[in-house]
Amino acid sequence: MATSDYYDSEEELDLSEDDLEFDLQDLHITSQDSEIEFLFKSLTSDVLWISIVEKADHVAAFIGMTRDECLVLLQHYDWREDKVLDDFLSLGDEIKVSKGLALSSKLRHSLPLHSLSRICAICCEQVDQMFHLEQCSHEYCVKCYTRYLSDKLRQQDSLVLCMEPSCSISVSLQDLKALDSNFPGKDHKPLYDIMISNIAKNYVESNPKLKWCPAPDCTGIVQFDGFSTYEIGTLKEYLDSHNLPIVTCPYSHSFCFACSYEDHDPIPCNIAKNWIRKSKDDSETANWIDINTKQCPKCDAVIEKNGGCNHMTCKKCAYQFCWICLQDWPLHGTAYYNCSRYDASAIKEMHQKQQTTKQSLKRYLHYYKFYISHELSAHQDNDLFRSIESRVQEMQQDLGISWIDCQFYRTAMKLLIKSRKVLKWSYALLYYCEVNNYVYIVETNQSFLSNSIEDLSHLFQLTDPKCIVRERLQFINLSNSMKKREAALVEIIHEGLKNQHLKVT
Ligand SMILES: [Zn+2]
Ligand SMILES: [Zn+2]
Ligand SMILES: [Zn+2]
Ligand SMILES: [Zn+2]
Ligand SMILES: [Zn+2]
Ligand SMILES: [Zn+2]
């Protein structure tokens, strides 16, 4: 286990100051100057639905239509109440035309839901239960209608039309309620519920102030509520002044509101995005590529050697070349064993080009190795975090400690997960930065933070509640020093990006 040195920003930074061309006094390592807050609310989908319904009811009260009708209308108007009202003032009931609503109640009919035995035009079976929408009279059997609607709804449609192709009437929530009660789904979600979540999806997607939480299967929503200062008006301005809108959903997942990826503080969205794309494309094959492939001398496509044959054909540009000397294959004639007779300088140049690619791949792998190992550790930390409550309960029961006295353990784990994230992303950033002295400062701070993280991680290996409680102070000290080092690294990176000491290539 590593050192127990405590953080002292000046002392640590002074160590290397002589070698640096940057004025470290300007770094404001601990300052919290002019932090502009990104204000937001976290909403559950139930709370969101309430506000959607309120909106529909509000419009309904003005134009004298039903909530269901207004839900359909609002979707046609991108949820712009003012536009609906404007159009209603000039068009009156005509507003319904081409919006999937029946013009007058005359079209409504009084056919009972259960009509007498009829033939369904789709399945051609004689059935007892026919179904039609409230606002039109096109009847099909309940089974066919249910299958049709669940297909449509599964495609996340929120404006579904009558099953009769020539009919433009929209399916309403009331229709789905009626259908659900006639054909109670045993193994599927009620159509009504699916429709509600589809409408909510439509609502969120039409409103740039709302974002779904990107965590798998999470239904939380975050609503953007402006900034803590009027100096900044738009999200773009906020991002341009080197801030990140990190938000938290109602289920405690934190993510970036701008790019909807996980919390990637301290690095900008575009770098995080490039890195993710790159690591998806490259990482699994990168090691292997290094050994088994070369680039096509013509188009630079990566080519793998397949078996022993040295006659290579590029799959992309069809260029034929020799694996050994990278020269044009036809030039070889049949004597390809004599590669060396070709122009030595051309061959050298060719090999240098290949070497450069390998160098950059090596550089990438270097940072990727750090990135991925912290990513994996973060997964383990998360697993541990999930089991933490039972451990805390043990501590409470076995040792008679209060919930509040166990708080140090939870807090330390939360801080550990956060610090690891910061460290992980900082490696991705450095891959894209020109190597200079400032990078050296970042690396120094990375290693300070990394040491703290490893120390604290090591402490979490303790499983005996008695030992954990005995080490309480150590948990607190280590997490405090880790937090300071994390803040220092974040600050240095923010400053570096802002003042372009870190030159992103
Ligand atoms: Zn049918
Ligand atoms: Zn119809
Ligand atoms: Zn979430
Ligand atoms: Zn982002
Ligand atoms: Zn090629
Ligand atoms: Zn050759």
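1. The buried residues of helix α5 are V142, C144, Y145, T146, Y148, L149, S150 and L153, where buried means under 20% relative accessible area, exposed over 50% and partly exposed in between, with a 1.4 Å probe and protein chains only. The cover over these residues includes β4 (130-131), β5 (140-141), α6 (173-182) and α7. Helices (H or I, at least four residues) and strands (E, at least two) are DSSP runs, numbered from the N terminus.

2. The model is predicted: local features need pLDDT of at least 70, side-chain atom pairs count only at pLDDT 80 or more, and totals for chains, interfaces and linings use all residues. Residues are numbered from 1 along each chain as its sequence is written, chains are lettered from A and ligands numbered from 1 in the order in which they are written, and side-chain values use heavy atoms, with hydrogens and water left out.

3. Helix α5 (residues 142-154) contains 13 residues and spans 18 Å between its first and last C-alpha, close to the 18 Å expected at 1.5 Å a residue; the expected span is 1.5 Å times one less than the number of residues. Just after α5, Q156 adopts a positive phi of about 65°.

4. Helix α2 (residues 45-63) packs against helix α7 (residues 191-205) at an angle of about 80°, and their axes are 10 Å apart. This makes α2 roughly perpendicular to α7. Axes are lines fitted to C-alpha atoms, for helices over the stretch in contact, and angles run from 0 to 180 degrees between N-to-C directions; under 35 degrees counts as roughly parallel, over 145 as roughly antiparallel, 65 to 115 as roughly perpendicular and the rest as oblique.

5. From α2, residues L48, W49, I52 and K55 meet I196, I199, A200, Y203 and V204 of α7, contact meaning heavy atoms within 4.5 Å. By class, the contact of α2 with α7 has eight nonpolar, no polar and one charged residues. Ala, Val, Leu, Ile, Met, Phe, Trp, Tyr, Cys and Pro count as nonpolar, Asp, Glu, Lys and Arg as charged, and the others, Gly among them, as polar.

6. An open sheet is formed by three strands in the order β1-β7-β6, with antiparallel pairing; two strands pair if DSSP finds at least two bridges between them. Strands β1 (38-43) and β6 (210-212) stand at the edges with a single partner each, so one side of each has no neighbour in the sheet. The twist averages 30° from one strand to the next.

7. Strand β6 is joined to β7 (residues 221-227) by three bridges, and the two run antiparallel. K211 stands opposite V222 in β7. Helix α2 packs on the sheet, touching β1, β6 and β7, and its direction makes about 95° with that of β1. Helix α7 also packs on the sheet, touching β6 and β7, with its direction at about 130° to that of β6.

8. Most residues other than glycine have a negative phi, and most peptide bonds are trans. In the loop between α3 (67-76) and α4 (81-91), D78 has a positive phi near 50° and is exposed, with a relative accessible area of 52%. W79 lies in the loop between α3 and α4 and has a positive phi near 65°, but W79 is buried, at a relative accessible area of 4%.

9. The peptide bond from D265 to P266 is cis, with omega near 10°. P266 lies in the loop between β9 (254-256) and α9 (269-292).
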